[in-house]
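Reader: Hi! Could you walk me through this one? I'd like to start with the pocket and then look at some helices and strands.

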Amino acid sequence: MVRAVVFDVGETLIDETRIWSRWADRLGVTRFTLLGMLGGMAALDRPHSDVFELLRPGFDLEAEQEAWKRDDPDGLRVNFDADDLYPDVRPGLAALRDLGYELIIAGNQPPQAYDALAAMDLPVHAIHTSDGWGVAKPAPEFFAKVVAVSGREPEEILYVGDRLDNDVRPAGAAGMRTALIRRGPWGHLHAARPEAAEADHVVDDLHALAALLRR
């Protein structure tokens, strides 16, 4: 029986449209161009960072982020806030918590993401990031951390994410139950693949997940 539900962040809880749109503006390309290329990377199973190299060969991501911070110190830049939450997230989490599930956020995120998530006052029991743990998905050590912080047996944990490679498969290999959420470029593309059957569940949003677990 599932007793804890653990959530990825990007394109599971957070809509990254504004982040990528700001990147397009920063790089001087149309938003359609950058978002289309991002979808291409998802379809080709290439990392999203390849978008930058294709647009600007030799691109130094870290240096550009530092320059952006100097140019716009008070802007969101590559960060997110409560306005970026998918609209079903807050009520969906509340419904799951009312059902008695332990709720944990644990995803691949940079240092500033923890404070951003904590400031949202979401109805969850704990928030963890790859930066805080010093290990990132899909490494088995990340999912071992998930098990450790939950205090549950792996089979009592449902991990929810938008990707087969980063979420469903490594969480399943760690003995967890899994749910693939069909949103964002990776979520829609991966849900259409035969391998999506490896997930215990495929859902469109957290309302659907709450309804499924209520049953």
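Predicted model: local features only at pLDDT ≥ 70, side-chain atom pairs only at ≥ 80, totals over all residues.

Reader: Good to know. What volume does the largest pocket have?

Author: The largest pocket comes to about 1200 Å³. It is lined by 41 residues, and the closest to its centre are Glu 16, His 48, Asn 108, Gln 109 and Pro 110.

Reader: Which helices each supply at least two residues of that lining?

Author: Helix 1 (17-27), helix 2 (31-43), helix 4 (61-71), helix 6 (111-119), helix 7 (130-133), helix 9 (164-173) and helix 10 (184-191).

Reader: And where does the largest share come from?

Author: From helix 4, which gives five residues to the lining of the largest pocket.

Reader: How does the lining split by class?

Author: There are 18 nonpolar, 10 polar and 13 charged residues in the lining of the largest pocket.

Reader: Let's switch to helix 6. Which of its residues are buried?

Author: Ala 113, Ala 116 and Leu 117 are buried in helix 6. Those three sit on the same side of helix 6, because the arc they cover around the axis is only 95°.

Reader: Remind me, why would residues three or four places apart point the same way?

Author: Because an α-helix has 3.6 residues a turn.

Reader: Will do. Now strand 4, please: how many of its residues are buried?

Author: Five of five, so to speak: strand 4 covers residues 157-161 and is mostly covered.

Reader: Which residues point which way?

Author: Ile 157, Tyr 159 and Gly 161 point one way from strand 4, while Leu 158 and Val 160 point the other way, and all are buried.

Reader: And which strands does strand 4 pair with?

Author: Strand 1 (residues 4-7) pairs with strand 4 in the parallel sense over four bridges. Strand 5 (residues 177-181) also runs parallel to strand 4, and four bridges join them.

Technical notes: Residues numbered from 1 in each chain as written. Heavy atoms only, no water. 1 Å grid on protein atoms, 1.4 Å probe; cavity = no way out; pocket = protein on both sides within 12 Å on 5 of 7 lines; lining within 4 Å. Points joined across faces, edges and corners; volume = space filled by probe spheres on them. Nonpolar A, V, L, I, M, F, W, Y, C, P; charged D, E, K, R; others polar. Buried < 20%, exposed > 50% of the residue type's maximum accessible area, 1.4 Å probe, protein only. Arc of directions from axis to C-beta. Pairing = 2+ DSSP bridges.
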